[in-house]
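I opened this entry to record what I looked up in the structure. The notes follow in the order in which I made them.

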Amino acid sequence: MSRRYLDLVLVGVVVLIPLGLALSGVNDTAWRVGFGVPLTLFLPGYAILAATLPHSTLDKAERVLLSLGVSLVVTILGGLILNLTPWGLQSLSWAVWLGGVTLTACLIALLRRPASLRQPGLLRPRFSAGQLAGLTLAGLVLIATAVVTLRAVALASDYAAAYPAVEVVQLWAVPQTVDGQHALRIGIANHTTEMATYRLRLQQASRVLEEWPIITLPPGEAWNTRLTLPDDLSTALPVDALLYRQGAPIAFRRAQVWLETAQH
Amino acid sequence: MLVETCLVPALALLVVASADAGARLGATWADTIFWAGLLVLAAPIALWLAMPDVRRPHALGLVTALGLGLYLIKVLHSPLNFTLYDEFLHWRTASDMLATGRLYSENPLLSISPLYPGLELATHALVTLGGLSIFQAGLVVIGAARLMLSLAVYLFLEQVSGSVRVAGLASLFYTAHPQFLFFNAQYAYQSLALSLALLTLWLLLRRQQAVGAEGRLLLVLAAASIVAVVVTHHITAYVLTGCLILWTTLAALRKGWRTAATRDVRWMALLAVVANLVWLVAVSSRTLDYLGPPLVDAVHKVLQVAFSEGGFRPPFQSDAGTRPPLLEQVVGLGSAVLIVLGLPFGLWHVWRRYADNLWAVLLAGAALAYPLSLPLRLIGSWEVGARASAFLFIGVGLLLALALERMTRPGRLRALRISVVVGYFGVVFAGGVISGVAPISRLPGPYLVGTTPRSVDSQGMAAAEWAYRQLGPGNRLVADHINTALMGSYGQQRVVTYQSDNVPAAPLFLAAGIGAYQRDLIRQGRIHYAVVDYRLTQALPIEGHYYEKWEKLDYPYSEPIERDVLAKFDRIPRVSRIFDAGDIVIYDIGALADEP
């Protein structure tokens with residue numbers, strides 16, 4: 001194949017992959033990011049320019065700007081049109097719209113590109129050894145930046161847990177009605193960075209309705225259950241869910257539900 | 001060229017990342033390192049752009065590196081989640097679009113956002129085709145918009161000035177406007193619309209050089225871009241339209257109607273007017289209700305001052321009455337003074353060299369409007385003045401570039417003269433950062449009361465995500481300012497607000513008890529849940545309010561809310577406490593609506 005069509009062939013390949021992924025329902029993010037992002041932000045504009053301006057006087061920077069800009073414009077205006085169709089906004093309709101626009105433009109560009117045309121050069125950057133070294137070093141520095149940032153974010157979570165003991169531990173008791181009976185959806189979530197063991201008690205006044213003496217949760221995990229409440233419970237008193245840390249006598253989280261007003 | 005456009009900015013970002021890391025861990029040196037990072041990024045680029053022999057590819061690369069570098073500074077601030085208030089508003093629109101596959105869903109956080117879906121359409125395509133989250137797709141879209149903006153500003157100013165050096169310097173000064181670093185880098189509709197608007201203006205100018213099919217295509221693309229701006233952001237569309245109308249008017253007054261350039265811009269102005277009207281009538285009639293109050297408020301404040309009825313606010317004083325450090329106030333003031341002093345020189349150059357260039361004349365007019373916007377900050381209309389800077393600074397950049405460009409030409413004491421230019425830019429740039437972002441918001445860090453991004457943390461996000469998973473979406477709920485944004489976005493709840501429902505939240509939380517008025521509000525708003533964030537009792541809100549900006553009129557306070565006031569729901573029978581995360585508690589208050 002003549003090299004003067006190489007860029008258009010590459011564009012076509014990149015377009016067909018997300019189109020195929022959308023049709024086949026493949027959800028592998030790595031594949032989708034690699035091809036979906038260019039299809040949305042660059043390729044439609046690039047192909048349209050190639051199709052409509054085979055003899056253009058635009059330079060590289062102008063082509064980059066227009067490729068980005070036209071792609072965004074095509075996406076925005078295309079979205080307005082897709083909204084009017086029965087299919088609406090979904091991956092397949094986007095793939096068909098953006099892929100269709102790009103492939104059509106590529107085909108037109110293939111037909112219109114003159115034999116004497118030099119490659120626009122966007123696909124043929126030339127770097128010296130020194131420049132490549134500089135680029136590599138810059139890339140390494142950016143990777144270091146990402147590592148520093150993400151590590152700091154992770155450390156800050158620990159720091160927040162220690163100063164001043166900000167424990168994101170959640171307790172909930174959401175009333176429900178199941179087959180005409182009062183029930184509660186009870187749950188605990190451990191958003192700290194350490195394994196934790198809790199004791200949970202459900203009571204109305206001094207009457208203990210249920211107790212879970214040991215609930216162990218790894219960091220980031222949740223526990224929940226649904227409990228149907230006894231029919232003889234008073235609606236004039238609330239039902240309390242009390243959460244204790246292991247071995248602690250005082251509850252550090254408290255939920256309270258008035259059955260009289262339960263609406264779920 | 002790769003050293004200055006890639007390696008040096010990468011090193012600057014590493015320095016800023018170190019500052020952010022230190023700030024997250026409470027280091028006192030973080031702010032100094034942050035400014036050092038900005039210096040490493042901006043100063044070399046300013047120096048190279050001030051060189052008399054700067055070539056076009058170099059200038060373009062430097063401008064782009066600066067624009068993208070400053071964008072990445074914002075990303076490093078919050079690399080895993082959105083934390084700026086407006087970002088949650090648009091996240092909700094994007095999320096609804098993903099859930100429904102349709103446009104124009106109701107957004108209780110910002111009712112106008114779904115009516116300008118440009119940003120969310122691009123996000124939706126990236127999410128569905130690219131498999132990204134809304135946050136990741138948002139970063140990519142705004143990053144692309146920032147790249148476009150950097151290129152478009154340079155190319156547009158190059159077309160206007162006919163000079164690589166002027167365009168480079170002008171683009172450099174454009175990055176110094178107060179909203180460049182954070183506000184116009186956030187996931188919000190203006191961030192995208194601004195780049196599309198600059199693209200439009202460049203296309204119209206570039207079209208004048210193109211002939212035949214190329215010229216026609218560029219005009220078609222300009223027309224399409226105008227429509228994209230109209231459906232993306234209201235104010236940007238109106239400013240773009242106004243700009244085109246002004247240019248057409250100037251052309252009619254100076255040259256007559258019948259040049260090719262005038263015809264093109266005239267038709268684009270007409271298209272812009274028609275597109276705006278059609279969109280306003282067919283889709284976004286609520287826009288006038290949305291934009292009206294801030295503008296009326298600004299006019300009201302101007303009249304108050306004009307008729308000596310008071311209303312002055314000291315410079316640099318926030319809504320909460322705090323001020324930045326003295327050095328920052330000096331630099332901020334110095335920046336404004338330098339700009340005001342530099343504009344007349346730039347104006348003189350426009351008069352001498354560009355008097356027949358209507359784009360230059362238009363930009364000069366915009367630049368002269370900039371000093372007029374500064375007093376708005378002194379009368380409490382900070383937001384109107386700050387928003388205007390994103391548009392007016394294109395003219396400011398051009399005039400300052402024209403004023404300073406001659407100082408960088410070869411000759412005696414060239415090194416000194418270039419140093420003066422770089423120093424001048426440094427003060428203006430620092431002043432922009434100081435004016436645009438409060439000191440406590442420039443860096444990440446532990447929770448602070450009543451201010452994004454520092455009030456957005458894992459607790460609030462976890463509570464919002466819990467509400468979505470356990471309560472389901474769409475429950476009517478009230479909360480403070482920050483938790484309203486989180487519950488309305490990540491929580492997918494139907495937050496009840498004064499803006500959407502005419503129901504204020506402050507009386508429910510700041511009053512000592514729940515009386516007849518509060519019960520009326522609960523009924524009127526059909527409120528089911530109340531979110532209480534007990535961290536509000538730790539300090540006064542940095543942005544001046546916990547719930548609504550006017551809450552102090554009805555509930556004056558000079559101390560933080562008392563815990564006992566917020567805990568009133570625990571003492572009311574029939575109010576269930578369904579969620580307890582320590583600091584954040586959610587109450588089921590729906591039963592109060594049934595009580596007299």
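I began at the hairpin of strand 1 and strand 2 of chain A, where two residues lie between the strands and Asp179(A) takes a positive phi near 50 degrees. The model is predicted: local features need pLDDT of at least 70, side-chain atom pairs count only at pLDDT 80 or more, and totals for chains, interfaces and linings use all residues. Residues are numbered from 1 along each chain as its sequence is written, chains are lettered from A and ligands numbered from 1 in the order in which they are written, and side-chain values use heavy atoms, with hydrogens and water left out.

**Strands.** I took helices (H or I, at least four residues) and strands (E, at least two) as DSSP runs, numbered from the N terminus. Strand 1 (residues 169–178) of chain A runs antiparallel to strand 2 (residues 181–190) of chain A, and ten bridges join them. Strands count as paired if DSSP finds at least two bridges between them. Within this pair, Gln176(A) has Ala183(A) as its bridge partner. I then checked burial (buried is under 20% relative accessible area, exposed over 50%, partly exposed in between; 1.4 Å probe, protein chains only). Eight of the ten residues of strand 1 of chain A are buried.

**Across the chains.** Which strand of chain B pairs with strand 1 of chain A? I found strand 4 of chain B, antiparallel, over two bridges. Phe579(B) is the bridge partner of Trp172(A), and Asp580(B) stands opposite Leu171(A).

**Interface.** I counted contacts (heavy atoms within 4.5 Å) and got 84 residues from chain B and 84 residues from chain A. Helix 1 of chain B gives the largest share of the chain B side, eleven residues. The area buried between the chains is about 6900 Å², with 70% from carbon and sulfur atoms. Buried area here is the accessible area (1.4 Å probe) that two parts lose on being put together, summed over both. Leu2(B), Arg102(B) and Leu129(B) supply 10% of what chain B buries against chain A, more than any other three residues.

I listed three salt bridges between the chains (a side-chain nitrogen of Lys or Arg within 4 Å of a carboxyl oxygen of Asp or Glu). Asp59(A) and Arg56(B) meet in a salt bridge at 2.7 Å, N to O.

**His349(B).** Is His349(B) buried or exposed? I found it buried, with a relative accessible area of 4%. His349(B) sits in helix 13 (residues 326–353) of chain B. Not counting residues up to four places away in sequence, His349(B) touches Tyr354(B), Leu402(B), Ala403(B) and Arg406(B).
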